[in-house]
Amino acid sequence: MANNLLQGKKGIIFGALDEKSIAWKTALACHEQGAQLVLTNAPVALRMGEINKLAEAVNAPVIGADVTNMDDLKKLFEGAMEHFGGKIDFVLHSIGMSLNVRKGKPYTDINYEWNQKTLDISSMSLHRVLRTAWEMDALSEWGSVVALSYIAAQRSFPDYNEMADAKALLESVARSFGYYYGNRNKVRINTISQSPTRTTAGSGVKGFDGFIEYAEKMSPLGNAPAEACANYCVFMFSDLSRYITMQNLFHDGGFSFVGVSEAIINGIEAANKGE
């Protein structure tokens with residue numbers, strides 16, 4: 001439902017790959033609420049994905065950028081400010097990539113060179129984005145930055161592998177930079193810890209279907225769908241969330257605060273009885 005929550009606001013969306021991605025759905029939701037957008041992704045993702053289809057739907061230019069390259073990020077922010085004719089009000093960081101997961105390396109035997117790339121792309125990229133915006137004074141006062149995370153940053157999940165470490169670092173960057181950006185420009189920086197979601201990237205994690213089924217049974221409200229996460233991002237980009245910063249916000253149907261659910265207990269008891 002469009003009620004112009006983002007009317008007049010301008011934002012950059014990182015990471016929209018295809019229609020399954022949360023970034024894609026967030027771009028659609030922001031556009032529906034009146035925002036103007038610039039879309040960006042890594043050059044290889046631009047070739048593999050369908051971002052031009054999204055760009056047409058939300059009337060936005062696409063500016064490619066490697067998030068590990070400071071020159072690319074500077075050109076992205078320069079291009080966005082030129083397109084908008086001024087500063088940027090919000091940014092969505094929806095970026096994650098694990099070479100060890102892709103190549104089937106277990107956590108106890110990770111390749112450390114690959115691990116460095118994982119952390120650089122999935123976590124320190126947020127620092128690079130924020131530093132670029134900081135040095136260029138590119139974000140408006142009371143601007144909002146959101147990065148997508150997962151509860152594996154706080155809890156152990158088999159097979160989530162090094163991405164758990166990457167998400168923990170991502171959340172730390174948001175807290176640390178949030179302090180400085182809040183003091184200087186009232187810019188707020190938060191992470192959203194989303195339910196396991198059937199995205200192209202998420203589906204690459206071993207045992208992902210089991211993750212989703214378990215979370216569904218544990219969550220009083222059920223797993224939060226990507227569309228609901230997109231709406232939450234809209235709220236976080238709007239003026240309604242002006243005094244929320246440096247937080248990791250769980251958007252998971254209650255999963256994060258349930259010790260064990262009746263559905264899980266019933267399932268275990270039924271299995272023990274051989275049913």
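Tutor: A residue counts as buried under 20% relative accessible area, as exposed over 50%, and as partly exposed in between. The structure discussed here is a predicted model.

Student: Why is aspartate 137 called partly exposed?

Tutor: Aspartate 137 has a relative accessibility of 32%.

Student: Where is aspartate 137 found, and what is its phi?

Tutor: Aspartate 137 is in the loop between H6 and S4. Its phi is positive, about 50 degrees, although the residue is not a glycine. Most residues other than glycine have a negative phi.

Student: Which other residue has a positive phi without being a glycine?

Tutor: Asparagine 59 is one of them, with phi near 55 degrees. Asparagine 59 belongs to the loop between H3 and H4.

Student: Why is asparagine 59 called exposed?

Tutor: The relative accessibility of asparagine 59 is 66%. The class of exposed residues begins over 50%, so asparagine 59 counts as exposed.

Student: Why is the pair of lysine 87 and aspartate 137 said to tie parts together?

Tutor: Lysine 87 lies in the loop between helix H4 (70-84) and S3, while aspartate 137 lies in the loop between H6 and strand S4 (139-149), so the pair joins parts that are 50 residues apart in sequence. Lysine 87, at 36% relative accessibility, counts as partly exposed.

Student: How do you know that lysine 217 forms a salt bridge with glutamate 213?

Tutor: The closest N and O atoms of lysine 217 and glutamate 213 are 3.4 Å apart. The limit is 4 Å, so the pair qualifies as a salt bridge. Lysine 217 and glutamate 213 both lie in helix H8 (residues 208-218), four residues apart, about one turn of the helix. Lysine 217 is partly exposed, at 39%, and glutamate 213 is partly exposed, at 48%.

Student: Which residues are linked in a network of salt bridges?

Tutor: Lys9, Asp239 and Arg242 are linked in such a network.

Student: Why is aspartate 89 called buried?

Tutor: Aspartate 89 has 14% relative accessibility. The limit for a buried residue is under 20%, so aspartate 89 counts as buried. This residue is in strand S3 (residues 88-93). Beyond residues up to four places away in sequence, aspartate 89 touches Gly8, Lys9, Lys10, Ser140, Gly143 and Ser144. Aspartate 89 and serine 144 are 55 residues apart in sequence and 6.4 Å apart in space, C-alpha to C-alpha.

Student: What makes the link between the side chains of aspartate 89 and serine 140 a polar contact?

Tutor: The link between these side chains is 2.9 Å. A polar contact requires a pair of N or O atoms within 3.5 Å, one able to donate a hydrogen and the other to accept it, and the pair of aspartate 89 and serine 140 is a polar contact.

Student: Is serine 241 buried or exposed?

Tutor: Serine 241 is buried, because its relative accessible area is 0% and the limit is under 20%. Serine 241 lies in the loop between helix H9 (226-237) and strand S6 (248-251). Its side chain reaches the backbone oxygen of serine 238 at 3.2 Å.

Student: Why are H6 and H7 called roughly parallel?

Tutor: The axes of helix H6 (residues 112-136) and helix H7 (residues 163-185) cross at roughly 10 degrees and come within 8 Å. Angles under 35 degrees count as roughly parallel, and H6 and H7 are therefore roughly parallel to each other. The residues of their contact divide into 15 nonpolar, four polar and four charged.

Student: What makes H1 roughly parallel to H3?

Tutor: Helix H1 (residues 22-32) and helix H3 (residues 51-58) pack at about 10 degrees, with their axes 10 Å apart. The limit is again under 35 degrees, so H1 is roughly parallel to H3. Trp24, Ala27, Leu28 and His31 in H1 meet Ile51, Lys53, Leu54, Ala57 and Val58 in H3.

Notes
Residues numbered from 1 in each chain as written. Predicted model: local features only at pLDDT ≥ 70, side-chain atom pairs only at ≥ 80, totals over all residues. Heavy atoms only, no water. Axes fitted to C-alpha atoms, helices over the stretch in contact; angles between N-to-C directions. Helix = DSSP H or I, 4+ residues; strand = E, 2+ residues; numbered from the N terminus. Parallel < 35°, antiparallel > 145°, perpendicular 65-115°, else oblique. Nonpolar A, V, L, I, M, F, W, Y, C, P; charged D, E, K, R; others polar. Buried < 20%, exposed > 50% of the residue type's maximum accessible area, 1.4 Å probe, protein only. Contact = heavy atoms within 4.5 Å. Salt bridge = Lys/Arg side-chain N within 4 Å of Asp/Glu carboxyl O.
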